[in-house]
Amino acid sequence: MALAFDEFGRPFIIIKEQEQKTRIRGLDAQKANIAAARAVARILRTSLGPKGMDKMLQSPDGDVTITNDGATILEQMDVENQIGKLMVELSRSQDYEIGDGTTGVVVTAGALLEHAEQLLERGIHPIRIAEGYEMASKLAVEHLNHISHKFEFSLNNIESLVQTCMTTLSSKIVNRCKRMLAEIAVKAVLAVADLERKDVNLDLIKVEGKVGGKLEDTELVYGIIVDKDMSHPQMPKRIEDVNIAILTCPFEPPKPKTKHKVDIDTVEKFEALREQEKQYFDEMVKKCKDVGATLVICQWGFDDEANHLLMHRGLPAVRWVGGVELELIAIATGGRIVPRFQELTPEKLGKAGLVREKSFGTTKDRMLYIEKCANSRAVTVFIRGGNKMMIEETKRSLHDALCVARNLIRDNSIVYGGGSAEISCSIAVEAAADKIPGVEQYAVRAFADALDAVPMALAENSGLQPIDTLTAVKAQQIRENNPHLGIDCNDVGTNDMKEQFVFETLIGKKQQLLLATQVVKMILKIDDVITPSGY
């Protein structure tokens with residue numbers, strides 16, 4: 001972009017290659033941006049809540065994904081528009097930080113922009129709207145802190161954690177098994193949690209899936225499952241009190257780094273070479289036996305000769321195990337990963353109570369279970385399901401539930417779900433708006449109206465009359481001064497979310513409001529868009 005002057009000294013802007021660019025500015029730019037963001041929000045609106053619909057997305061290479069997780073939908077959607085991409089990133093940041101509430105945050109942002117558009121048409125300056133929204137979000141977060149509850153949990157009393165995870169899972173495909181999956185998620189998180197530091201490392205929870213069986217067969221294994229089997233069919237399928245040698249060196253004779261050629265011109269030389277190789281393998285196997293290993297897990301393969309020798313020497317082995325799995329096995333069994341045979345010592349062996357091979361159905365599929373480990377800080381959730389898409393969606397749903405359980409261990413405050421927190425914040429912000437002087441008052445009121453979008457979408461997706469239901473609940477909240485009343489999506493017969501046990505994490509809700517407000521402020525501040533025009 002360059003600034004030039006005409007013969008009268010009037011400045012004008014020259015844009016580089018301007019015949020190939022389009023430029024919108026002022027109100028038109030803001031409206032175009034708002035329209036783009038609202039289009040993205042509208043797609044996700046129908047996926048909100050327990051009765052939300054799922055989306056089916058096909059990638060360019062033909063993979064089909066069926067999901068109603070907001071972050072996944074937007075990731076797969078390949079949005080071209082830059083403002084649309086902002087909404088995708090908004091959802092992604094909610095997913096990274098909290099793990100849940102990825103749909104709600106986009107719906108909230110879309111509603112805020114919708115109300116901002118009406119204010120822009122009245123001639124209110126976008127910066128004033130942005131400042132008003134900022135004030136309102138602070139008021140809403142304060143109010144959330146005010147209506148939140150802390151609940152106590154311990155290793156023996158996990159009911160409240162399970163209830164909160166069930167709320168998360170109720171909006172997914174897997175909601176018929178939500179009780180079982182919520183319990184699995186909570187037990188998995190508590191198994192790896194450091195309750196003193198209030199920290200959870202989710203990397204220690206491995207989620208493994210296998211097509212076949214039914215969703216009810218999903219299980220939590222206090223140990224590691226590896227999608228491999230013993231390297232020789234005649235090796236034992238069940239070993240107890242195992243000492244595991246974890247190797248990253250190949251079970252084969254050393255090869256020189258340089259190119260080499262061996263000339264063998266007599267049978268004796270060939271025999272000598274074969275003897276040498278056999279002796280080398282013998283030493284390797286003997287080394288493992290001497291240290292006391294009763295199972296070898298190797299990152300690389302070994303040829304048939306080594307396999308045969310291992311079988312004869314009675315040393316079971318597993319080959320081609322991936323690096324991540326090796327690390328998890330090492331963490332679980334308390335072993336060390338050994339890069340060279342010379343370094344193998346008894347202290348570096350991992351210990352497990354039971355290693356068994358399990359086969360599934362009529363197929364040749366087998367998996368290796370490593371259980372009763374010395375350090376049970378690594379666990380595996382093993383998912384079964386009718387097809388690949390179902391398993392993938394269950395993995396995503398379980399990830400949300402694991403994140404919620406982790407957030408509750410970090411900060412055990414909750415607010416009530418079903419849109420009750422949003423309605424309560426909306427009433428509080430509306431009441432505070434009257435005390436704010438200046439044009440920001442309009443923006444604060446607009447924020448209060450926009451908060452109603454989530455309960456409204458919940459009611460709409462549940463097949464209720466959206467406006468009637470929302471106004472009835474809002475009036476009841478004001479009348480009874482009870483912030484726990486929300487939309488009764490599941491037709492239980494009560495609006496009280498406390499009785500329905502619909503909980504959400506406080507940090508998740510706060511993050512939703514703050515992230516949505518930040519993105520909306522950013523979009524409102526853009527008043528000039530220069531884009532390369534389409535061909």
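# A guided tour: sheet, cores, rings and charges

Begin with the open sheet of three strands, whose order is β6-β19-β20 and whose pairing is antiparallel; strands pair here if DSSP finds at least two bridges between them. At its edges stand β6 (149-150) and β20 (503-505), each with a single partner strand, so one side of each lacks a neighbour in the sheet. Strands (E, at least two residues) and helices (H or I, at least four) are DSSP runs, numbered from the N terminus.

The model is predicted: local features need pLDDT of at least 70, side-chain atom pairs count only at pLDDT 80 or more, and totals for chains, interfaces and linings use all residues. Residues are numbered from 1 along each chain as its sequence is written, and side-chain values use heavy atoms, with hydrogens and water left out.

**Around the sheet**

Select β19 (residues 413-416) next: three bridges join β19 to β20, and the two run antiparallel. I414 has T505 of β20 as its bridge partner. Now display the helices that lie across β19 and β20. One of them is α6, which runs at about 90 degrees to β20; another is α17 (residues 506-524), at about 65 degrees to β20. These angles, from 0 to 180 degrees, are taken between N-to-C directions of axes fitted to C-alpha atoms, for helices over the stretch in contact.

**The nonpolar cores**

Turn to the largest nonpolar core, which has 89 residues. A nonpolar core is a set of buried Ala, Val, Leu, Ile, Met, Phe, Trp, Tyr and Cys residues joined through side-chain atoms within 4.5 Å. Buried means under 20% relative accessible area, exposed over 50%, and partly exposed in between (1.4 Å probe, protein chains only). The residues with the most contacts inside this core are I205, I244, F251, L295, I297 and I370. Centre the view on L295: beyond its neighbours within four places in sequence, its contacts (heavy atoms within 4.5 Å) include M230, I239, L315 and V355. A second, separate core of 53 residues includes I436, F447, A450 and L506.

**Aromatic pairs**

The whole structure holds four aromatic pairs. Rings of Phe, Tyr and Trp (its six-membered ring) pair if their centres lie within 6.5 Å; planes under 30 degrees apart count as stacked, over 60 as edge-to-face and the rest as tilted. Select Y133 and F447, an edge-to-face pair at 5.8 Å centre to centre with 65 degrees between the planes. Y133 belongs to helix α5 (residues 126-147) and F447 to helix α13 (residues 440-451), 314 residues apart. Y133 is buried at 0% relative accessibility, as is F447 at 1%.

Then select Y416, F501 and F503, which ring pairs link into a cluster. F501 and F503 are edge-to-face, 6.4 Å centre to centre and 80 degrees between the planes. F501 is partly exposed at 43%, whereas F503 is buried at 9%.

**Salt bridges**

Finish with the charged side chains. A salt bridge is a side-chain nitrogen of Lys or Arg within 4 Å of a carboxyl oxygen of Asp or Glu, and the count comes to 35. One of them joins E75 and R92 (2.5 Å, N to O). E75 lies in helix α2 (residues 70-76) and R92 in helix α3 (residues 82-97), so the pair ties together parts 17 residues apart in sequence.

D400 and K172 meet at 3.1 Å, N to O. D400 is in helix α11 (residues 388-410) and K172 in the loop between α6 (159-169) and α7 (178-192), 228 residues apart; both residues are buried. Last, select D229, K237, E357 and R366, linked in a network of salt bridges.
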